[in-house]
Amino acid sequence: MAPPPPPVTDYKSYPKTTPPSVLLVILDIHPLSWSLLSSPPPAIPYPEHPAIDKAQATPMTLPDFVTLLMVFLNAHLASRWGNEVVIYGASAGRAKLLYPPPPNAVAGPSKPRPNTYHPFQLLDSRIEEGLKEMAAEEQDRLEHGDMKTLNQPPAMVSALTKALCFINRILPNNSNSAALVDPAATQDPSAPASNAPDKPETRILVINSTPGANVSTATSSNEQSNAEVNENGTSTNGNSQNGKGGQMRGGYVGLMNCVFAAQKAKVPIDVLSLPPPSIDASPPIFLQQAAHLTEGIYWQWNGRGGLLQYLHALYLPPPSLRHHPFAVPPQDAVGFRAVCFCHHKTLDIGFVCSVCLSIFCEPRPVCLMCKTRFPIKSIPTLKTLATYIEHIPIPDTVPPPPIPKGAKTHQQNENNKRERAKGATNGDASGTGGRGEPIEID
Amino acid sequence: MSSGYEDAYRVKLTSGVLVTCDSAAKQILLHLDSMRDGPYKFMIRDVDDTHMMIKREYVEEIKELLQDELEKNTYVQDPNL
Amino acid sequence: MVQPSFSHPRSDPSSSSTSTSPTAALDTFLDNQHQSYFEELYKSEAVCLCILRSLPPVCRHIILHNLWSHQPLRTIDIKSLLQMDIQVSLQDVDEVMRPAINRKILHPLLNKKSKMIYPSNDAFKKGLRNALTGLGTSNSFGVPFDREDDADIPDQQALETYGEDAFEGILKYMVSSGLGVGFPVARPQMEVLELLLISGLMVDPSDPSGQNPNLNRMTITSKGFQFLLEDRQTQLWEILMYYLTAKEANSERSAVVLSMFFSLGCMQLGQDYSASRSFPGALSALNDLAQYGFIYRPAPESDQFFPTHLATALCSGDAAATRGQDADEKRFLILETNYKIYAYTSNELEIAILNLFVDIRIRYPNLVVGKLDRKNVKSAMEKGISANQIISYLSSHAHPQMYNSPPPLLHPTIVDQLHLWDRERNRLKTEDTVMLEFFSKELFEDTEKEAKANAALQLSIPNQKFLFIEPQTKAAITEFVKERQTQLRSGF
Amino acid sequence: MSADLVDDDFIDDDDIPGPSTRGKKGGASGSKSGKGKDAGRHAWEGEFKKSWDIVQEDEKGSLESAVESLLARGRRKRALMADTPLRRSIIRHMFIILDLSESMMDKDFRPTRFEVILGYLRSYVVEWFDQNPLGQIGIIIMRDRLSEVLVPMGGNPQEILSVLSDKRRLEPSGEPSLQNGLVMAKGGMSHLPTTSSLETLIIFSSISTADPDGPVTIHNVLEELVTNKIRTTILSLAGEIKICRQITERTGGKFGVSLDQDHFKDLMWETIPPPATTIQSHTPITMGVKNALSSANGLQKGGKTPVGDLMVMGFPIQLPLGGETLCSCHGLLKKGGYLCPRCSSKLCDVPTDCEVCGLMVVSSPHLARSFWFLFPVANYGVLPIEDVMNSSTSETCFGCDVEFPDASTIDEGVAQVEDGVSPTGRYRCAKCSNDFCADCDLYIHDTLHTCPGCAQ
C-alpha cells in the first residue's frame with residue numbers, strides 16, 4: 001500500500017477530465033454460495049457499536065443483488081460519457097461473458113422504455129438474459145446428474161484470464177502492431193508515454209460470494225498430474241495451517257499469474273467479498289492478495305445491508321481519481337500465505353525447493369516439480385525448524401479514521417469496526433474454515 | 001475650450017483622440033502629417049515617442065493611410081513562385 | 001474559440017487553458033438561472049443525468065458517493081474523502097463543490113452547530129436516482145413511436161447524412177454570404193434566418209439601424225465568422241442557446257425547451273419517438289429544431305420523429321462528437337513550414353471556410369492545396385477572425401500524420417507569423433481623450449492624483465505636464481481643477 | 001549464437017520462452033540461416049540484408065501480411081519451446097559488464113550505440129527483476145582500460161535505474177579491458193556462495209581488448225571463471241572475437257553478435273529467463289541464501305554436496321498503515337510492516353531473515369512470479385479450415401470473446417498452414433480444446449501464462 005500522499009488542499013490540481021473507464025465485473029454466481037447467503041445465520045453480536053448491533057443480518061439473494069449491481073453499473077455508465085461495462089459470470093467450474101453480448105447474438109434492439117436511458121436498458125436486460133441462460137445451464141447440469149462439477153468452486157481464474165484477455169485486446173498500446181515500432185523508442189522508460197488522453201482506463205471488480213476463499217478452479221492438468229503422480233500419500237498435516245483461510249487448489253498459480261499480468265497492465269483488481277463474517281470468518285486471502293498487489297480495493301460485507309451505498313462509495317471512483325484526490329478506503333492486514341503444490345494447503349510456513357521455488361507443506365526427498373534430490377539427512381532438521389508454529393491472529397491495527405466521522409460515514413466506521421471484529425474472530429477460525437472444503441478432483 | 005486665465009495655474013483643455021503606437025508607426029504618422037497642409041493636418045499634439053494626439057475626424061483615414069504605407073513596405077512573394 | 005479537442009494526443013497545455021468547453025454557451029446560460037428554473041429542469045431524469053455528466057469528475061463522484069445516503073453531505077465528509085487537512089477553510093471546500101452549487105444541486109447551509117452541510121436538491125436527487133433505476137415517470141428519455149413493424153425507417157447513416165446536410169446548409173449559407181462568390185446554396189427557412197439575425201451572426205448591411213432588416217440580404221458578421229471556425233458541438237450548443245434566449249426574450253418558458261434538448265441528447269440514434277407523448281409541452285420548439293437538422297420527420301405533420309446524430313451527440317459531454325468516424329473526417333489538414341496547406345477533403349463547407357484565410361491554388365476531387373499568405377490571412381482578419389481562431393482551427397483539424405512529428409503540432413514560425421500579422425493590423429490603438437495642459441506642477445500633480453483615484457486617467461506625461469483623461473469624466477475633472485485653481489490662487 | 005554449438009552439458013537457451021520474444025524478430029534469423037543456406041560463403045560475402053527488405057507489401061499495398069508473417073515468426077519460435085518444465089536456477093546473481101570505450105559513440109545504432117544500449121539496459125533491468133524477483137544485479141563498466149563497479153550487487157531495480165539515468169557519469173572514453181572487467185566481476189562475486197547461479201553479461205562494443213601487461217593473462221582469468229562456475233555471456237555490437245567466443249564456450253554462456261538494434265535486443269532479452277540448469281549435474285547448482293539453512297550448513301560442508309536444498313520459508317502478514325509500532329530489525333517506530341509467521345515479530349521489509357527466529361520470510365507473490373516456468377501453457381495449435389467447417393466450433397475467441405472471421409468466407413485456396421499462422425484466425429489449445437484468436441494466443445503465452453480454458 002502506498003503511503004498516503006500529504007493532504008492536498010489545492011483543488012486546482014484536481015483533474016479536469018478523466019479518461020473513459022471500462023469496468024470489468026466478475027460476478028460469482030455459484031448456486032451453493034448464494035443459497036448460503038440467502039439464509040445467513042444471525043449476525044455476530046457487535047456490542048461496541050449499538051447502532052450496528054441493532055441492524056439485523058440481511059439475507060441477500062442473487063436477484064436482489066443483481067438489482068443493486070445494475071444500479072451500480074448504471075451509475076458507472078452515468079458518471080462519464082464513454083464509460084463501458086463488461087460482465088463475466090463465474091459459476092461452478094465455468095466462466096462466461098454476460099455483457100456485452102456477442103455481436104452476432106444481438107436480437108433487434110428492444111423498444112426503448114420512456115423512462116430509462118437506453119444504454120442502461122440494454123445493459124440491464126442483457127445481464128438478466130445472460131444470468132437466466134447461465135441458470136438454465138446449471139439446471140441442465142443438475143438434471144444430468146453432473147453433481148461433481150456443480151460442487152466445483154467458481155471459475156474465478158478463468159473469468160479473470162478472460163477479463164485480462166479482453167483488456168489486452170482493447171488497450172491500443174498492447175496491440176501487436178505496436179510491437180513492431182522501433183524498440184528503442186518504446187523501450188526507453190524515460191520517454192514520455194505517448195498514450196493519448198482518451199486511452200481508456202480499466203479495472204476489474206471481483207464480486208465473491210463463495211465462503212472460505214474457495215475461489216479457485218480446477219488446477220491446470222499439467223500441474224495436477226505432476227502433483228498427483230508424485231503424491232506418495234505420506235502426507236502429514238503437521239505444520240500446515242489446514243483449512244485456515246480457506247483452501248486454494250492449483251488455481252493459486254493461475255490466480256497469481258493473473259495478478260502479475262494485471263500488475264503489468266496497471267489494472268487494479270477490486271474485490272468485494274459478500275459472505276459476511278457470520279458465514280465465514282476467514283477472508284478470501286488470495287483475492288485479498290490480488291487486490292493488494294494490484295492496488296485495488298478489498299472489502300468484506302458485514303452482512304447487514306447497505307450494499308448499494310458501499311458499492312457507490314467504495315468502488316465507483318475510477319482509478320485515475322483513486323489516490324488523488326480521493327482517499328483510498330482503509331485496507332485490512334494482508335496475509336501473504338501461499339499454497340503448497342503437493343496437497344494444496346494454505347501455508348504460513350512452507351518448504352521451498354531451492355532450484356525451482358516450488359512450495360511444499362512437508363519435507364520430501366525429491367522435488368516434485370524439478371526432480372531435484374534433496375539431502376535426506378536434513379529432513380528431520382527441517383521438520384524441527386518448521387514446528388512450533390502457532391498461528392498468529394491478525395492484529396487489531398486497522399487505522400482509526402483520519403477525522404472523526406459521524407452519521408454518514410458511519411458506514412466506513414462500521415467497516416473498520418467490523419474488520420476488528422473479524423480480526424478477533426480470526427484466531428480460532430480454523431474450525432469454521434473447514435466449511436470451504438473443496439471437493440478433490442481425481 | 002481653454003480656461004482663459006493667463007496665470008500660472010491656467011489649464012488648457014483639448015479634446016481629441018489619443019493614439020498609442022510603436023515608434024516606427026509614429027514616424028510614419030509624422031511623415032504623413034508633414035505632407036499635409038493647413039486644415040488637413042491631423043495632428044494636434046506630438047506627445048512622446050509612442051503617443052500622439054490627433055483630430056477625431058481623421059482617425060479612420062489615418063488608419064487606412066498607415067495600412068497602405070505599411071503595405072508598401074511589405075515584401076509580397078510572387079504568387080507564381 | 002475551438003477547443004483543441006481533448007482527444008488531441010499532444011494538446012498544448014497553454015492553449016487548452018485558454019479554450020472553453022463545447023458547452024460553454026450552455027454553462028453561461030445555466031449560470032444565470034434561478035433556483036426555480038432548475039427545479040423545473042430537474043423534473044426530467046435526462047436533465048439530471050446530463051447535468052451530472054457536465055460536472056467536473058471530482059464533484060461528480062462526490063455527488064454519486066452520497067447519492068444513496070440519507071444524510072446530507074457534510075464538509076467534514078468531503079474533507080476526509082479528498083484527504084484535505086481538517087484546517088482547510090470552508091471556502092476551499094465550497095470551491096470544490098462550486099459547480100454543483102452553481103447548478104443548484106447542493107445548497108450549502110450552516111446548521112445549528114455552525115457546521116456546514118450540503119443538502120442536495122431533492123428534485124435532482126430523486127431525478128438522478130430514478131434515472132439510474134429507471135423508475136421515473138416523466139418520459140424524459142423519449143416515448144417510442146408505435147409503428148407497424150414493417151414500416152420503412154431510415155437507417156443511422158441516412159439520419160446522419162440528413163442532419164449533416166441540414167446543418168451544413170445553414171453554415172454554407174453563412175459562408176457564401178461572406179465570400180460573395182461561393183457556391184449555390186439553398187436559403188434556410190425564415191425562422192432560421194431570424195435567429196441568425198437576432199444572434200448577431202448575420203446582419204443586413206443595408207439596414208444599419210437594425211430596425212427593419214431584410215432577411216434575404218443578410219451578410220455574415222465577424223461574430224459569424226468566429227462561429228464558423230468553432231467545432232461542431234460548440235456550434236450546436238451556441239445555436240441552441242441563441243434559440244433559447246430568443247424564446248426567453250419572447251417571455252416564453254424556456255425550461256421545458258431546454259429539458260427537451262437534454263432529452264434529445266439521451267435518445268438513441270435510429271430509433272423513432274412520438275413527439276406528442278415525449279414532449280407535450282414543447283411541440284413547437286421541436287418543429288423549429290427540425291429546421292436545423294436536429295430531428296428528422298418522415299412527414300411534416302407526423303407525430304413520429306427521429307433524432308439525428310446532431311441531437312444524440314449533444315450530451316456526449318467532454319468526449320464531444322470528436323470521437324469515431326466523425327473525428328477522422330475532420331482531420332484532414334497538413335500544414336508545412338513553408339505555409340503550404342494540404343487539405344484532404346471534398347467537403348464544400350470546409351473548403352469554403354479554408355478559403356477564408358487560405359489562398360487556394362489547386363483543387364482535386366479529394367485534395368485542396370493552398371497557401372497561408374499574408375493577403376488572405378489579413379483579409380480574414382479584416383472580417384474579424386483572430387489569429388488565435390485560425391491557429392486553433394488549424395490544430396483541431398490537423399491530419400493524424402502531423403502528430404508524428406515532434407511537438408508542437410503547428411510549427412512555431414507559422415504560429416508566430418499569424419500572431420505578427422494579427423498585430424500588424426492593430427498597430428494603432430486609438431481612444432477618445434481630453435488633454436489637459438498644465439503650467440503649474442502643483443496643480444498637475446493634484447489633478448493627476450484625483451484622476452487616478454477616479455480611474456479617469458489614460459496617460460500622464462509629467463515632464464510636459466500633460467494629462468489625458470477619459471472624455472466622460474471631463475466635467476468632474478474640470479470641476480476639481482477649478483476648485484483647486486481657486487484654492488491655489490487664493491494662496492492656500 | 002549458433003545452433004551447431006550446443007555443448008552437451010548445456011541446454012540450448014534459444015528455446016526458452018520469454019515475455020519479450022513477441023513476434024518482432026526482424027532480422028533475427030540472419031546468422032543461422034545464412035550459415036545453413038550457403039555453407040561455402042562467409043557472412044560478409046552474402047548480400048547485404050536491409051531490414052526494410054524484410055517487410056514486403058502485399059498486392060494491395062498493405063503491410064498487413066508482412067506484419068502477420070512477423071508475428072508468425074514469433075509463433076514458430078515459440079513452437080520450438082519445450083512444454084515440459086525445466087529445472088531453472090531461480091536465485092541468480094549477475095554482473096552486467098558494460099563496455100564504455102570510445103567505440104560506444106559509434107553511430108551505426110541511432111543516435112549512438114551508447115544511447116541505444118543505455119535505453120535497452122534500463123528496460124532490461126526492469127524486465128529482469130520482474131522475472132527474477134529473487135535475483136541480484138550489479139553493473140561494472142570498462143573504460144580507459146580500467147574497470148569500475150558502477151552499481152554493486154543488489155536487488156533494487158530503482159537504484160540501478162537511477163544510476164543508469166545519469167548519463168554524465170557514463171561518458172564513454174578510451175579502450176576497454178575485458179580482463180579487468182572479468183577480474184572485477186569475479187572479485188565481486190567471490191563472496192557469494194558458488195551454489196547460486198553466477199552470471200555475467202558482457203556488452204562489448206569494441207573489437208579489441210587492452211589488457212594489462214603481466215604474468216596473469218586473460219586465459220588465466222578464463223580458467224578461474226570456469227572453476228568458479230561463472231557463466232559468461234558476451235553480446236558483441238561489432239563482430240565475432242575469438243577470445244569472446246572462447247570465454248563463452250568454456251563457461252557455458254552464449255556469444256552473440258548483433259545484426260541490428262532489434263536483434264541486439266532479442267539477444268539481450270534471451271538472457272532474462274533463468275537459465276536451465278544441467279540435468280547431468282556435474283555442477284551441483286544448489287543454493288543457500290544467507291541464513292536460509294542455518295542448521296543445514298553442516299550437511300553442506302560435509303563431503304558430498306547435495307543437488308538441491310529445501311528451504312524453510314515463512315509467509316508474513318502485511319500490516320496496514322495504521323499506528324506506529326516497533327520493528328524488530330531497526331528498533332524504530334514505523335507504520336506498516338510485516339509479521340513473521342513464526343515469532344510474530346515485526347519486520348520492515350521482505351524478503352529478509354527474521355531478526356528474532358531466523359526464519360526466512362518472503363512474500364509469497366515473490367515466489368509465485370516464477371511459477372509460470374513450472375506450469376507452462378501448452379502451445380496452441382493452428383486450426384485448419386476443415387476443422388472449422390466440420391465441427392461446431394465456437395464463433396468467438398475463448399479469451400477476449402472477439403468474433404472470429406466467418407469460416408465460410410475464407411478462401412480455400414490460401415487455407416494452408418503457413419508459418420504457423422492460422423488461416424482461420426483460430427488457435428486451439430490442445431488440452432482444453434478451446435479456440436483463441438492470435439492476440440490472445442500471444443498474450444496468454446507471453447504475459448498471462450494461464451490458459452482461460454484450462455483454468456475452468
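**View 1. Domain 2 of chain C meets domain 3 of chain C.** In this contact, 14 residues of domain 2 of chain C touch twelve residues of domain 3 of chain C. The model is predicted. Two elements each give two or more residues to the domain 2 side: α9 (156–179) and α11 (222–229) of chain C. Of these, α9(C) gives the most, with six residues. What classes of residue make up this side of domain 2 of chain C? There are seven nonpolar, four polar and three charged residues. The C-alpha centres of domain 2 and domain 3 of chain C are 27 Å apart.

**View 2. Chain C and its domains.** The domain assignment gives four entries for chain C. Domain 1 covers 35–133, and domain 2 covers 156–319. Domain 3 covers 331–425, and domain 4 covers 434–489. The secondary structure of chain C comprises 23 helices and 15 strands. Chain C has 492 residues, and 43% of them count as buried. Now take the contacts in chain C with a separation of 6 or more: 64% of them join residues 24 or more positions apart.

**View 3. Helices α4 and α13 of chain C cross.** Helix α4 spans residues 45–54 of chain C, and helix α13 spans residues 255–265 of chain C. Their axes come within 8 Å. How do the two helices lie, parallel or perpendicular? The axes cross at roughly 75°. An angle of 65 to 115 degrees counts as roughly perpendicular, and α4(C) and α13(C) are therefore roughly perpendicular to each other. From α4(C), the contact uses Ala46(C), Val47(C) and Cys50(C). From α13(C), it uses Ser259(C), Phe262(C), Ser263(C) and Gly265(C). Sorted by class, the residues of this contact are four nonpolar and three polar, with no charged residue.

**View 4. Helix α20 of chain C is mostly covered.** This helix runs over residues 387–396 of chain C. How many of its ten residues are buried? The count is nine. Among them are Ala387(C), Gln389(C), Ile390(C), Ile391(C) and Ser392(C). Tyr393(C), Leu394(C), Ser395(C) and Ser396(C) are buried too.

**View 5. An annotated span in chain D.** UniProt lists residues 427–450 of chain D as "domain: C2H2-type". The UniProt entry is unreviewed. What share of this span is helix, and what share is strand? Residues 427–450 of chain D are 46% helix and 21% strand.

How values were computed: Residues are numbered from 1 along each chain as its sequence is written. Chains are lettered from A and ligands numbered from 1 in the order in which they are written. This is a predicted model: local features need pLDDT of at least 70, side-chain atom pairs count only at pLDDT 80 or more; totals for chains, interfaces and linings use all residues. UniProt positions are given in the numbering used here, feature names are shortened, and annotations may be inferred rather than shown by experiment. Helices (H or I, at least four residues) and strands (E, at least two) are DSSP runs, numbered from the N terminus. Axes are lines fitted to C-alpha atoms, for helices over the stretch in contact, and angles run from 0 to 180 degrees between N-to-C directions. Angles under 35 degrees count as roughly parallel, over 145 as roughly antiparallel, 65 to 115 as roughly perpendicular and the rest as oblique. Two residues are in contact if their C-beta atoms, placed from the backbone, lie within 7 Å. Ala, Val, Leu, Ile, Met, Phe, Trp, Tyr, Cys and Pro count as nonpolar, Asp, Glu, Lys and Arg as charged, and the others, Gly among them, as polar. Domain bounds come from an automatic or database domain assignment. A residue is buried if 20 or more other C-beta atoms lie within 10 Å of its own, exposed if 12 or fewer, and partly exposed in between; C-beta atoms are placed from the backbone.
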